[in-house]
Each structure stands twice: as structure tokens, then as C-alpha cells.
Protein chains: 2
Amino acid sequence: MNINYIKPDPWSLIEEGFDPKNVEASESLFSLGNGAMGQRANFEEHYSGPSFQGSYIAGVYYPDKTRVGWWKNGYPEYFAKVLNAPNWIGIEVIIDQAPLDLYTAEVLSFRRELNMKNGVYTRNFQVKTPGGALISICSERFLSFDCPELGAIKYSVELISGSAQVTLAPYIDAGVKNRDSNWDDPFWAVTDLQCQGSAGFIQAHTMKTEFATCTYMEAKVLVDGQEMDLQAKKVGDFRIKAEASAALKPGQRMEVIKYGGYTVDLYHPKETLIQAAKEHLEMAHAHSFEALRMAHEKAWADIWQSADIAIHGDVPAQQAIRFNIFQLNQTYSGKDARLNIGPKGFTGEKYGGSTYWDTEAYCLPFYMATKNQKVARNLLTYRFKQLNRAIENAQKLGFHSGAALYPMVTMNGEECHNEWEITFEEIHRNGAIAFAIYNYERYTQDLTYVPEMGLEVLIGIARFWAQRATLSPAKGAYVILGVTGPNEYENNVNNNWYTNYIAQWCLNYAASMVERTQNDSSEDYKRIEKKTQLNPEELAQWKAIAAAMYFPESEKLGVYLQQDGFLDKEMTPVNQLSATERPINQHWSWDRILRSPYIKQADVLQGFYFFEDQFDQKSLERHFDFYEPLTVHESSLSPCVHSILAAKLDRMDQAYEFYLRTARLDLDDYNHEVHEGCHITSMAGTWMSIVEGFGGMRVKENTLSFDPKMPEAWTGFSFKVNFRGSVLMVSVSSEGTQIKRESGPELDLWLSGQMLRV
Amino acid sequence: MNINYIKPDPWSLIEEGFDPKNVEASESLFSLGNGAMGQRANFEEHYSGPSFQGSYIAGVYYPDKTRVGWWKNGYPEYFAKVLNAPNWIGIEVIIDQAPLDLYTAEVLSFRRELNMKNGVYTRNFQVKTPGGALISICSERFLSFDCPELGAIKYSVELISGSAQVTLAPYIDAGVKNRDSNWDDPFWAVTDLQCQGSAGFIQAHTMKTEFATCTYMEAKVLVDGQEMDLQAKKVGDFRIKAEASAALKPGQRMEVIKYGGYTVDLYHPKETLIQAAKEHLEMAHAHSFEALRMAHEKAWADIWQSADIAIHGDVPAQQAIRFNIFQLNQTYSGKDARLNIGPKGFTGEKYGGSTYWDTEAYCLPFYMATKNQKVARNLLTYRFKQLNRAIENAQKLGFHSGAALYPMVTMNGEECHNEWEITFEEIHRNGAIAFAIYNYERYTQDLTYVPEMGLEVLIGIARFWAQRATLSPAKGAYVILGVTGPNEYENNVNNNWYTNYIAQWCLNYAASMVERTQNDSSEDYKRIEKKTQLNPEELAQWKAIAAAMYFPESEKLGVYLQQDGFLDKEMTPVNQLSATERPINQHWSWDRILRSPYIKQADVLQGFYFFEDQFDQKSLERHFDFYEPLTVHESSLSPCVHSILAAKLDRMDQAYEFYLRTARLDLDDYNHEVHEGCHITSMAGTWMSIVEGFGGMRVKENTLSFDPKMPEAWTGFSFKVNFRGSVLMVSVSSEGTQIKRESGPELDLWLSGQMLRV
């Protein structure tokens, strides 16, 4: 099952030898991103083999018209999609009149490396031409973390032996498509192409959403260090190209240094996009490729300074966790509250919408602890800014009076998913958004977010639950009918325990935050009261519903039941299923999956993870022993929660096993789908497995706490966290745990039950 | 809400005055069909206004590639669609160089009539030309019931005043499309166009399914009875046309007599289709238009002889029931066991697949009682022939050992629907197919069908239920999880009472039929035992599962519950819903519908209808009073069952009210959708409302029985049924009921509890 061609290395992904079968997977794995833009690791030169072209600009999307079999009232008309953006990395390489093409060439050697320490991607390969010339190519590329609208490429062709006429033609190209387009309509309209010396600028805007962008480049071509004349020219309606040729002798080297990227109207007035691009190019030329790279490397060094995890004695695990941290940082920098974390980041098109509940449930802890409070606050602010859309979304489903239902998938706050069982019913997502506010406050102790923004979100969410829960005449308690829980292998069930639990928690939490704001921030409260028309009777109603919430459980088994009727199922444990039937979502029809007891990802156990203080260790153990054997982990978000809970139960072998499934999910391509892109959001779960699972990090009674436990396979591990401005390095070995404060103020913390000052 | 432009008349639909807004609705209502082909009431001449063109050939379909939002394992790849077939009715009418077009013409009068007694459709209208000429047009059309591959048109143009140059050009045209095509790919490939005198022949086959057809015509044009020269010619790649012109003087009449239709390889070898068409044309010419019409009228007279229902004192009700009987006969003649009854018949494209459970649950009783035993047996044989496909379908969903799941929608036995909650979960359809075998035997006392064919079907169905029911560890009883019942406003529920009940019944019935066949038809039994590899232990298992089947119920309320958890819903009766929210399927999001208690069509009550002998009158009353107030009747199949049960409860006002909703559903266009086609299968429900509801017809202890009750609005009603070869006329009036035997052997029957010999 293991694709296994990535060489183990603590700081790099390395592929050696060329195999066209790996090209699309490597395009995903070696992806580059800098929070503002990103790209799959497509080759600069032409490639005629199977390849998945992808360049992406953060926040720039297209509302593709929805395609469904049968329409249901309330479905969104559009599905916002990550857009394949114009290509600025392209370099035509023509050797003796034929394009260089790794798919057809005689490749003598091939190596690529993504250095995660400094964020630089390099390729080195040698080909023999039909004319017998031996040519060595080296390419080096990065997307600047220092100047997010700029990228740089150095691409050199060296003749080792024989002779060759070489043409190098850097270009930009706006004639791009999405692979997952529903109707094949064009997503981009090109409005202007301009050339100036070797620079080219293509202005284009997205259809419908009207995001304006300028894709730009400027290049130098040098032969043995001598710069050649280079003039950019329009080629057709979508492309600008600059071209230089030379007859190389053995030992001679021809090189392109190309700068490019996008300027976007998210950050510049529309009419100044070309000017902004020119300024980036001037800055780049003023600094040189090497200076830009140094600034970029410095930015990465700063990131690792507060985010690195070191694992001793296990190189594949070390490589994997750094890959996860690296990709999370490439995807989201936290600087812009309009952006969020797409499940595929900048590595593919799938799951077209950008934001899922993954952000609140899995990603927030990572960014909160490895970056800083402002980044985490931006993630919360994103939802605050979309509150009106969440209220509209709830209205479409028949809710009223300011009730808010956040969408399952969104780019701009509008729902853009349309399976009824998900869109309309997987409403627990609303709970995760409230929980994130609580989690943020708990970690940062920033008490200003709730009165400034969060309370409105909490009121909208509480109103939703108050309307969505209904009084069962039969049970005399509040029930929540017709939902899909985190376990999407159940649809339209009644009283999903997790949903009921988080709904109850939201109602109580919202009520308490209303009361606190009323007491502590009366100005804010008055503003919010007026804006939301909050009525004191609502609070009483929220509390009453919460107090009378129904929870399915089995007294006999001592467990809460995932939903009503769960015990009517045939309870064959997963380990008794034949391997030929796994994963069940590829082998079973949907009804069979629904009737089965099998759990796609943590559901009741997700509640035990979020609200661990509410349940004792015995209860956790009973629930873990009941649900884990029924869990198929066919979501990338599943193993991490199980790893953390297993560690809590001191089942370190199991915890480690789950950890491995999440950490190398993409590198080992467990699900045979890495060619479509990487599982970015679940990478945050991997981080949680180490920091919360093995490190046992919690905030308890407003104090940071660790309870480290080490998997047997490791000789030691260390991780860094930023807690309220103090960056700590926690090092765990068989000798014990050391905690070092690397920067920021002193603080008291708990280590394995002992209070400690660092 | 009533479109109300159809004039009341006991034997005709009549539209007077021309309104383009009614054109598409009238195209549905005035549709013609003869079981082998059919067509919407499109005009012969050009019409530039909104119109829905449709010509259909029975049994000729196209597997359109399925379009869904998200694919699930087990979905069919294709959705078989009723095909819009080449048009043979077209006549170009050119007056003074301009095409006659009712949409743009000055229309002085317009009348159309569909005479249901003789199956002839006529139009008469007068227009004034821009040149001031006054022209009267008369068209008469029928699809022969005597020769099912032939239709005939007489179309005359008479100049009343002024002068006009008139061209009449009958044509056939294979350049047609489906309105509901998923991908706009062509459904037909034209292979040959031939002309001979005024005759034209277009050979075409459907793509993928390769049904070969010849669309043909031959025409005469006469001026004042004088035949003109007419030569058919190819026009482009898809059309053959013959054209004649004349300058008319006032009082002069120009007339086309056109014969046409389709020959199809269901009935002729592929290579003889043109020859077969020529033979039809020779026959037509040998007989004349009038003689053909007389034979056609005779066939209709025979139909009415055993199928008519007369209602006295209520012309709209009279018109409605005859319309329903008429359309059912136009749709299905019962001569070919490869054909079935599509929900829209030959009146539209929607619900592309042809066969639903409607056939067994609603249509079989009509055809069984108004035609003859052979027709009903053909309907059963249709499913027998598709048994292998039903077994394959079950295999796709993970069932084994010969378990059969009949598809929800099909043309050829393959499933062609793909909403998971329907395709995979609305499995009660399997029960209706078994029930139809029981119902057929009960009515006809034909005991040969089960050993010859039916038993294999019953075994496949019983095996399905035996695998689909699972033993609940919690209940210690067999449960059926994850189903959609007849009430499609609930999805993926556990233990739908109706489904569990019919499953239990199927298991017991199949076991008893196996035993009977073993005893009474041992040769057949041996053949079937070998073919199905039936194991005696299976019977014991079926009985055991049936005996331990779980049924949800409320002891307190004394009712069976539609499904587990039904009493957790908020039980606001339908009559307290605001009118602005009705129908709920147009106003509410799907999740809201699912959470509500509202019932789309009879569900528990469908069981009380099928299995009435198992429940006493008190129990029926309790269930009716519990479920009817929650029923929104948003399926056309709902009111009829409620009408029958209300009549049984002696609630004649309510029974009549339900009857009205079903009888004039299309004529009064309750659901604003008649333009898409008529609700053919629910028309059989209307018939049941009268015969079983008001007439109280049952077969009890192998004896026919009536218990007539008359709605107050009527002064009398009568209906005819064919019971085991005896055609009876049952006449009900305020004086009492008379039963007359019109043909066939004497028989004993029950009338309102009295045994009677007729």
C-alpha cells in the first residue's frame, strides 16, 4: 500500500530516479505555498505525460454552477471552487528544435528535493538528447515568505558533452482550466496583456466573482554568466513569452532567472495591479535571487523557531511531522482574516470550498500554539465576518430571528455543498465554531474577542440550537431529530449524542457569555443587544432546553449511544471484516454502510476529546473500548483523536499506531489519492497527536499543563509551543522531560502533576 | 388553482378559444396513445410559441448517462429514458408564403376535442391572414387501436373569403431531442432515408440500446376532392417532405390525408422495417381513412364495453373518470409482456424510467378487472422476465444467494434511479411485487402462474428480506434498518412498519407457495428447486424471521408507529399549517420535511389497505384518525387509498373529497405541472376509489363481493368489471344496487352481505 518512493530524511522530501507513475503524486507532495499563493510541483518545462496542473491564489475562487441529480429546496446554486490560476512558472526548453520533455526523453538521472527547513524546491536531472548530447538541468524555486506576491526560479541547462542548440523561453499563461469544472465554462477573463523588456503582465479577472489579478514575470537569460537580450512578446490571447537561444559547447551553462507571481485586488486597488507587480520586480532585481532566497529562508527559520517538533530515533516519523508542519504553514500564514485553511491547501482542487469545520476542530490548536494569538484570532474573525451569511443560510432552511447555521463548506460564508444529508443535517459544525471561541479564550486568556465579536456568533448559534431542538412528546425532553454527526457513515439519525451534547454546551456557554458581557463589558453588551435584539427570555429558554436535553445511552453497557437505535445494529467489530472489503466506502453500497455500526471518524469520542473534563477515565475507557473497535478511520481526521485518547488511557502502542496512520497519510499514500492533493487539515491532527497526545498538553484552570508519554519506537522527542507569548521547548526522553523557555515572559506550569516555573 | 378551461362533457375533453398559455397543458391532456406508440397533442402545423414536442414508441428507450452530485457505490451508470421519437404528424401549412402559426396568427375561433368514446382528436379553427383571407382549418387524428403501428390524419384548409395561395407539405422528421437530456448527446442515429411516390421512410436506431425503427408516412393532397401530384423528397439529413400548392378560391377546400407511424424491431426483423411500413400503407389505402377510423372506433367500443364507469348527476366527475380510464387504455394495452405502464405514459418525458411499484400497487387491479386475466398475467410476467436483473441489482448492494431486489425505476430490469435514499432504501417495492402475485391469484384463481413463473420471483424476494432483516441485539427481534417507506418524506428510518409488515408477509407467503408447489406441482417444483438451489432450511429460516419480526407501536395510542421514534416529532396537524407553506415540498428545505411528521402518501395506511382483513374496523379507525391528519397528499398516489379507507369507515363526505382530488388532478391541474404530462399511474387509483371505495368490491373467500355506498353529490353510478370471464355491470342508485351480467358464465357473489347469483 505504501508508495514508499520518498527517501527518509529529517528535513527534506527527496525523490530519486524518474518514474512517470509518480509524477502526479509528487506534484502534490512537493507543492509550494506561502499563504498567499501556491502551486503543485509542476515542471517548468513541457511535460507530455499524465500531470495535474495547478496554481492557486489564496482567496480567489469561482462559484461553479452546482450539479446534482435531484434538487432539494435550500440547496445552494453555486459551489465555490478553488481556481486553477494562470501559470507563471513556465519555461519552454527547446533543445535542437525539440521541446525538452521528461516523459519522452532518455533520462539518465533525476532527483528532486523539497527542503522543508528553508522552503526551497530543487530538481536536478540529466538527459541524453536524440543527437547524443548529454545535458544536465538544475531548477530551484521558492515562493517568497518575505514578499508573498513574489516567487523566484533559477533554471539552468548545462551541456556536459556533445553539442546542442538550446532555447529558453520563460512565459506566463492565462489559458488555464479547472480539472473539476462542472460545465466547462471559462473561469477567467483576460483583459490586458502588456510587455516591457523581458517583463510580461497579464491582467485577468475571475468570471462572476470578479477578482482582479495580474500574473506577471520578468526574466534574465545568461550564458556562462553573460546576460542575453530578452524581449517579452504576446503569443495569442493568453500568453506572454520571452525567448533566447544559444549553441552550447560542452561545459557551457545557460540559465534563466525568473521572477513572477500575482498581484491581487485583495491587496491593491484594481487599477494599480500592474504597477504593484512592477514594484515587486524592481525590488527583486534590486536584491538578486540569492538575497531574496536568504530573506525567504530567514522567514522559514522564524517559523520553525516556534513550531518545530523533533523526533529522535525514527527518521520517517521525523520527516512526516515536519512535512505536516511545513504544509500547514505553506497553506495559511494567519495574516489575513479573509482567508482560511482549505482541506487540500494549495496542493489540489478537490473539496473545492475552502473552509470546513476542520478549521475550528483540528487546525485552530496548531496555529494558536505554533504561531501567535493574532493568527488564532483571525481564524475566529473569519467566522464573525460571515455571520450574516450564516443567518441567511439558516433562513433558507426555515429558521428565524437571527438563528445562524454556518455552512458545511464555504469560501465566502455561503454554503456551497449539496448533499442534503450533509448540507442540511451535519449541523454539529455550528458547535465546533462556538467551541473554538471557548478554546481560544482558554488558551490565550484574551477576553476581548467575545465582547468585540464572538458574542454575536454565540447568540446566532444558540438561537439555532434553541429552534432546532424540539420537545419530544414521547420523551418529555428536547431531542434533535434528523442529523448527521461527525461520523458521516450515519445519515438522518435522531439524537446523535455528540450533536446533542455540543448543542447543550453551546446553549449554556452562550448564556454564560451573554451574562459575562452584560456584567463586564456593558458598552459592548448594549451594542450587541440592540443589533441582535436579544431578549432576556431567550437566555432562560436556552438554559431550559439545555437542562432538558435528551441523551441516548445504554445503562447496561454504561455508554452513551451514538444515536437512537444504535444497539439495533449487528455489532461485528471492524477487525473481523475481510480485508477485501476495506475501505468499506470503496466496496459497500451506501445503504449497507448506513446500516452497519461502522464509524468513519470519531463521533462520541470526538465529544470525549472536546469535553474531556466532563468524563472520568473509567468512562473514557468504556466508551473507547465500545466505539474504537467499530471505527474504520476512513476519514483522515479520525486517527489523531483516537491517538490522543489512547495516550490518555496509557495505551501507548495503540496511540503510536494511530499516530503513524495520520502522520504519513500522504507520504505513504494510504488512501491512493495523494495525486489529487494532500490532506492539509488532518496534518493539524497529527500535530495534536504529538503535542496533546504524547506531550499531554492541556490548559487546566488557566495554567499550561504537560503530561508527556513517549512511544517505545522513539528515543526522544521535543516540541515547541507559544503560550501567551512565551515560546517553550518541551523535550521528552527516557530520562524525563525538560521544559525550556526560549523567549517571552516567565510562567508557571504543570508538568506531570508538578507545578513548575520556567 | 383550477385551470378550468376544459369544458365539462361526459365523453369528451373540449377546449374552446385559443390561449397560448394553455398550449403545453393541452398537449398533455389531449395526448393520444394506443399502447404501442403515443404523442402529445402537438399541432401538425408549425407553432412558434412555447410547446413541448413529444412522440413516443413503447419499449424504445435510451440509457442516458447518470448525472449526480456525489457518486455512491451501487448507483446505476445509466438512467433509462423515454425517448422523444421522430415526428410523423408534421404538416407544413404555408399561406401566401408565410407559415401558418397559431402563435402569431389572428385567430378568430379555436376548438379542440378529444372524443374519449372513439379515441379521435379533432381541431377546428379559423384564422384571418395578413392578406385579409378568412381560412377555416379542420384536423382529425387518431392512433389506430386496430393496427397499432399506424396512425392517420385528415387535415383540411378551406378558404371562406378572400384569396390565398396554400401549400400543404406533410413530412416526417427524425431531428428530434429530449427536453430532459443530461448531456445533449444525440439519442438517435439515422441510417437511411427512402422516398417512393408520396411515401417516405426514415430508418433510425437509438444510440447504445440499438432499437431499430422506421418512421414512415404516405399522404394524398386533394383540392375539392381532386388528388394532386405529390412527391416525397429528402430535405437535409433527417427529414422527408412532400409538397403541393394551390391558389384557393372562396369555398374551395384543400385536404391532406396522411398515414404514418413507426415499425419497430420489437415486432419485425430489423431488415424488414421499411417493408412492414409499406404493408401498413397498402392496407391503409385499401381501406380508406373512414374505414380505418371505424375499425379504431370499434376497438374503443370494445374497451368501454368492459371498462366504463358512468356517474349520474355530476358531469365533471363523469368526465374525469372516463378521462382516467381512457388514458390508462391509451398507455397500456396488455398485449406485450415486455411493456409496462410509465407514470407519464405517452404524455411526457418525466420519470424517464417506465416501471415503478405503481404498476403492482395501483395499476394491476384496474387492468385485471377491466381487461382480462391475460393482461394482468403479462404485467406479472414482465417482472418474472427481469428476475435475473433484480438478482444482479441485489448483488450490487451486497446481497447474495439469489436474493432479488427489484429496481425502483426501470425500463429493462436494471435500476435507473439514483438518490441513495430511494434506490437503495425504498425497498418496500419488493413487497408490492409479491403482493401483486397474491392479488392476481385471488382475483383470477389462476393457480398456474405461481408454479410456472411466480414462485421464482417469490423465492428471490423472500431471500432478500431474509438477508435484509437483521436480529437486533437490543430488541431480540428482527429489525429492518435504514429504509424509506412509501412516505418518501422520511428517509433512512428504522423499522418502517409498512416495510416490516410486508416483509413478514412476503416471507410467510413465499414459504406457503413453496410448500403448495411442492405438493401440487412437483415437476415445476423440481425444476425451480434445481434452478434456485432452494434449501429446505431456508423455509424454516423465513418463517422464523417472520415470526420474530419487530413492529413499532404505541400501546398508549393503540397504533402501530410509522417507524421507530415517530412519536418524538412535533405533531401539528396539517390543517394548522399556513396555506403559504403548502405544498411543503415547494416551500420547505428537505431536512425540515424529514423532521416533520408529514406524510407524503399513505404509508401505515397503505398496509391497512393491502391487508385489510388483518385489522378490525376499530383499529382501522384509530390508525386513520392518527395518520390522515398528518398526511399532505403530495403524491398523486395518496388520495385514492384514503378515499377507499374513508368509504370503508362510512365517511362518505371525506371519501368523496379524496376522490375529487385524484379524479381531476390533471384536468384541473392541482399541482401546476400538467404541462409536463399526465399522472397516468395515479389514474388507476381513481378507478380503485370508485370500484373498491364506493363500490366496495373485494374478493372474499374466493367470491366476488360488493358493498356499494354512494357519495351525496351523485344520483347514481355504475361500473363494469370482468371477473373470471364474466363481465358485470354494477349500477348503484338511491334505490339500491343492481348487478347485471353482460357476458360470460353465471356466478355467485355477495352484495352488501347477501349472496346473489347473476
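Colleague: How many bridges join strand 11 of chain B to strand 12 of chain B?

Modeller: The model is a predicted one. In it, strand 11 (residues 120-128) and strand 12 of chain B run antiparallel. Within this pairing, Y121(B) has R141(B) as its bridge partner. The number of bridges joining the two strands is 8.

Colleague: Which residue takes a positive phi in the hairpin of strand 11 and strand 12 of chain B?

Modeller: This hairpin has 5 residues between the strands. The positive phi, near 90 degrees, belongs to G132(B).

Colleague: Which residue of strand 13 of chain B stands opposite I135(B)?

Modeller: Strand 12 (residues 134-143) of chain B has 9 of its 10 residues buried. A hairpin of 6 residues connects strand 12 to strand 13 of chain B, and 10 bridges join these antiparallel strands. Opposite I135(B) stands L159(B).

Colleague: What arc do the buried residues of helix 13 of chain A cover around the axis?

Modeller: The buried residues of helix 13 of chain A are E538(A), L539(A), W542(A), I545(A) and A546(A). They lie on the same side of the helix because their arc around the axis is only 130 degrees.

Colleague: Which exposed residues does the face of helix 13 of chain A turned away from its buried side carry?

Modeller: What covers the buried residues of this helix includes helix 10, strand 25 and helix 11 of chain A. The face turned away from the buried side carries the exposed residues P536(A), E537(A) and A547(A).

Colleague: Which residue caps the N-terminal end of helix 13 of chain A?

Modeller: A side-chain oxygen of the capping residue lies 2.9 Å from the backbone nitrogen of E537(A). The cap is N535(A).

Terms used. Residues numbered from 1 in each chain as written. Chains lettered and ligands numbered in written order. Predicted model: local features only at pLDDT ≥ 70, side-chain atom pairs only at ≥ 80, totals over all residues. Heavy atoms only, no water. Buried < 20%, exposed > 50% of the residue type's maximum accessible area, 1.4 Å probe, protein only. Helix = DSSP H or I, 4+ residues; strand = E, 2+ residues; numbered from the N terminus. Arc of directions from axis to C-beta. Contact = heavy atoms within 4.5 Å. Polar contact = N/O pair within 3.5 Å; in protein donor to acceptor, adjacent residues only side chain to side chain. Pairing = 2+ DSSP bridges.
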